[in-house]
Amino acid sequence: MSTTAALRTRDLSKVYRAGEVETTALSGIHLTVDRGEFVALMGPSGCGKSTLLGLLGLLDAPTSGTYELGGVDVTSLSRRQQALTRRGQIGFVFQSFNLIDELTVEQNVALPLRYLGTSRAEAEERATAALERVGMAHRRGHRPSQLSGGQQQRVAVARAVVAEPPLVLADEPTGNLDTENGTAVMSLLSDLHAAGTTLVMVTHSEADASHAQRVLRMLDGRVIGEDRLGRYAPPTGPETVTQALAGVS
Ligand code: ADP
């Protein structure tokens, strides 16, 4: 595997079986995403975008094929090893935010670090710092349901990056937001990319996809084409996520 590849799939397929009924959600996906690359996945509803993102995020297992993440064949790892890999290396941003309302904003953001064994005090300190970067530290004691959708998604971005994962996966991150909040969230994701984070994002929005370097077009479980937008030079900005987001509030 090339040392510049963040991830690579070979002949990845996913078939859902419900009784007698089989649905081929993905078929023969060969995908390489370079380190630091920002890739958008687009295509009509039901074409397999979320299924692919779920496989890349180790949330689900493929029916066949292989998946290498950071040079490691993660399809051959145990479920427990996969969970550890997911916690350490992948951040998620979902359309529905997926924050836990029984926890405060700060506790939500600290959760990935707590799963990694970080002490409570350090996790809360780093969570506060991550919230400051997305302009939400002043709401750290609130419950997610007390925030607007745009604010919740900013918190979700803080949670996705608090452990500084090399890969961030986003599933329609602006799908539930108005234009202004959607633009703000895309700006945060672009900052992450500028800081060297590899990003794979599912979107229905051409405007959101225009932030990516490459757009993969999917249909019926396959990648049927790609557009290289080519307006990105390799990242020349701040070295770390922390530095990149320092100016964001
Ligand atoms: P998209 O994200 O592009 O809308 P999905 O990945 O959600 O597409 O779905 C791809 C196909 O797989 C669809 O035909 C969908 O109905 C089917 N599918 C998705 N999840 C399941 C599941 N858990 N069980 C059965 N079929 C599923």
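Tutor: Start with an open sheet of four strands, in the order β2-β1-β4-β5, with antiparallel pairing. Its edges are β2 and β5 (72-73), which each have a single partner strand, so one side of each has no neighbour in the sheet. Keep in mind that this is a predicted model.

Student: How many bridges join β1 to β4?

Tutor: Five, between β1 (residues 5-18) and β4 (residues 64-69), and the two run antiparallel.

Student: What about β3 and β9, parallel or antiparallel?

Tutor: Parallel. Strand β3 (residues 38-42) is joined to strand β9 (residues 214-219) by four bridges. Valine 39 is opposite arginine 214 in β9.

Student: And β9 with β10, in which sense do they pair?

Tutor: Antiparallel, over six bridges, with β10 covering residues 222-228. Valine 215 faces aspartate 227 in β10.

Student: How many residues sit between β9 and β10?

Tutor: Two, and the pair forms a hairpin. Check aspartate 220 in that turn: its phi is positive, about 50°.

Student: Switching to the ligand. Which residues surround it?

Tutor: Tyr16, Thr23 and Ala25, then Pro44, Ser45, Gly46, Cys47, Gly48, Lys49, Ser50 and Thr51. By class, the shell has four nonpolar residues, six polar and one charged.

Student: Which element gives the most to that shell?

Tutor: α1, with three residues. Both β2 (21-34) and α1 (49-56) supply at least two.

Student: Where does lysine 49 come in?

Tutor: Through its side chain. An N or O atom there is 2.8 Å from an oxygen atom of the ligand. Serine 50 uses its backbone instead: one of its backbone N or O atoms lies 2.8 Å from a ligand oxygen. For glycine 46, a backbone N or O atom is 2.7 Å from an oxygen atom of the ligand.

Student: So how much of the ligand's accessible area does the protein cover?

Tutor: 59% of the 560 Å² that the ligand has on its own.

Student: OK, back to phi. What is the value at asparagine 98?

Tutor: Near 55°, so positive in a residue other than glycine. Asparagine 98 belongs to the loop between β6 (90-94) and α3 (105-115).

Student: Why does asparagine 98 count as partly exposed?

Tutor: Because its relative accessibility is 36%, and the class runs between the 20% limit for buried and the 50% limit for exposed.

Student: Where does glutamate 164 lie?

Tutor: In the loop between α5 (149-161) and β7 (167-171). Glutamate 164 has a positive phi as well, about 50°, although it is not a glycine. Its relative accessible area is 36%, so glutamate 164 is partly exposed.

Student: Last one. Which helix holds glutamate 124?

Tutor: α4, residues 120-133. Glutamate 124 is partly exposed because its relative accessibility is 27%.

Student: And what does glutamate 124 touch?

Tutor: Glu106 and Ala110, leaving aside residues up to four places away in sequence.

Notes: Residues are numbered from 1 along each chain as its sequence is written. This is a predicted model: local features need pLDDT of at least 70, side-chain atom pairs count only at pLDDT 80 or more; totals for chains, interfaces and linings use all residues. Side-chain values use heavy atoms; hydrogens and water are left out. A residue is near a molecule or strand if one of its heavy atoms lies within 4 Å of it. A polar contact is a pair of N or O atoms within 3.5 Å; within protein, one must be able to donate a hydrogen and the other to accept it, and residues adjacent in sequence count only if both atoms are side-chain atoms. Accessible areas come from the Shrake-Rupley method with a 1.4 Å probe; for residues, only the protein chains shown count as cover. Ala, Val, Leu, Ile, Met, Phe, Trp, Tyr, Cys and Pro count as nonpolar, Asp, Glu, Lys and Arg as charged, and the others, Gly among them, as polar. Buried means under 20% relative accessible area, exposed over 50%, partly exposed in between (1.4 Å probe, protein chains only). Contact means heavy atoms within 4.5 Å. Two strands pair if DSSP finds at least two bridges between them.
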